[in-house]
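Trainee: Please take one part of this model and go through it closely. Keep it to plain steps.

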Amino acid sequence: MELVVVSAIDNDDMCSAQVRHQVTQQKVLSRQWITANGESTFLHLNFCRPGYRKRWVVTLGSLTSRNISEADLEALTEELMHSFTTSGFAYLKNTGISEEQVDAMYDVTDRFYALPAEIKEKYARANDRDRERQGWECVERESVGGLSGSNRPADLKEYFGIKIPLIEDESWPYEVPEFEETCLNFYGACKSLTFRVMELVARGLGIEVAGFLDMFKHMGTGPNGTSLRSTRYPPIPDPEVVKENQLRCAEHTDIGCVTLLFQDRPGLEVCTEGDNYVLAPPIPGTVVVNIGDMLQWWTADKLVSTKYRVNIPETAEGRGKGRRSIAFFAKADSDVQLKCLDGSDKYKPMLVREYHKMKLRTTYI
């Protein structure tokens, strides 16, 4: 497969009008496009950490799982690992998850959120701080800022978390007939994409791929904390309801290995050097992927998770609009021993089940 590289420095003409509109408040120092012939591509928008030149880099390359040469697979691995080691975030394009699938998820979850509160309460998440559970959480129920040690009020969001297989006292909202089927199909699509990403990560770390992926074998079928989450950030027409230092979603790092994120409006902000934040705007047809604390632990800080947040819009127009996102939080199986893959003792070995419990206890109030 032939790769054609086109690059430009400080040249807005290299960026599509749509993407340029969504980053108008950002200083774009560099953009680079790499196009490839193939069934799948990935794109990353790079937010460099300290020690790297500040820049935005947009890269396209093949992410196909079929008929890919070893050379192309190596190039893909290098691109993704570069993004993960310099920023912890990337954008994925042509992933096999269609816009229609994303819209279907938004549709069924919108209908659920529109139900009266007393009906949604029937599907409330169990008050369990020890493991991931399926269910709905109301606005200001979760405070993810605890994961990063911030002392902020609870988040201005509601969500429905999908954790399969279901356990005791968990159920699907029958008031939205297509809810279960749509969520299960989307979970399966995200799982497939996650395994493709994790294969590249394993190659980038120089470890045996099959053995690494085997640590996720119970995802969606057994003891594994992976979850799919739909989040609704309601409009805030009255800024007086916002508490001091409150955000739609407080700054934090994710607790799992990798997260796939679908978003419909701007709001996501990624931490860069000096604790500054830059927008990671929605780009049509793409999925944001970021690494989490579990992968940082495993790699003894070779891959470092990056803080992000969802801020409250500054303008009345922005606050008057809601925001939606769908996240797939991929985690290793609960009985896997989480220990540094390089053989070091930078982090003490711990079962994923205990690690997950330790993290969850900081988020619910």
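Mentor: The buried residues of α3 are V102, M105, Y106, V108, T109, F112 and Y113. Buried means under 20% relative accessible area, with a 1.4 Å probe and protein chains only. This is a predicted model, so local features need pLDDT of at least 70, side-chain atom pairs count only at pLDDT 80 or more, and totals for chains, interfaces and linings use all residues. Residues are numbered from 1 along each chain as its sequence is written, and side-chain values use heavy atoms, without hydrogens or water.

Helices are DSSP runs of H or I with at least four residues, strands are runs of E with at least two, and both are numbered from the N terminus. Check the length of α3. Its 15 residues should span 21 Å at 1.5 Å a residue, and its end C-alpha atoms are 21 Å apart, so the two agree. The expected span is 1.5 Å times one less than the number of residues.

Now the second largest pocket. A pocket is an open set of points on a 1 Å grid over the protein atoms alone, where a 1.4 Å probe fits, with protein on both sides within 12 Å along at least five of seven lines; lining residues have an atom within 4 Å of a point. The second largest pocket is lined by 23 residues, and E99, I283, P284, G285 and T286 lie nearest its centre. Helix α3 (99–113), β10 (258–263) and β13 (286–291) each supply at least two lining residues. The most come from α3, which gives four.

Methods
Buried means under 20% relative accessible area, exposed over 50%, partly exposed in between (1.4 Å probe, protein chains only).
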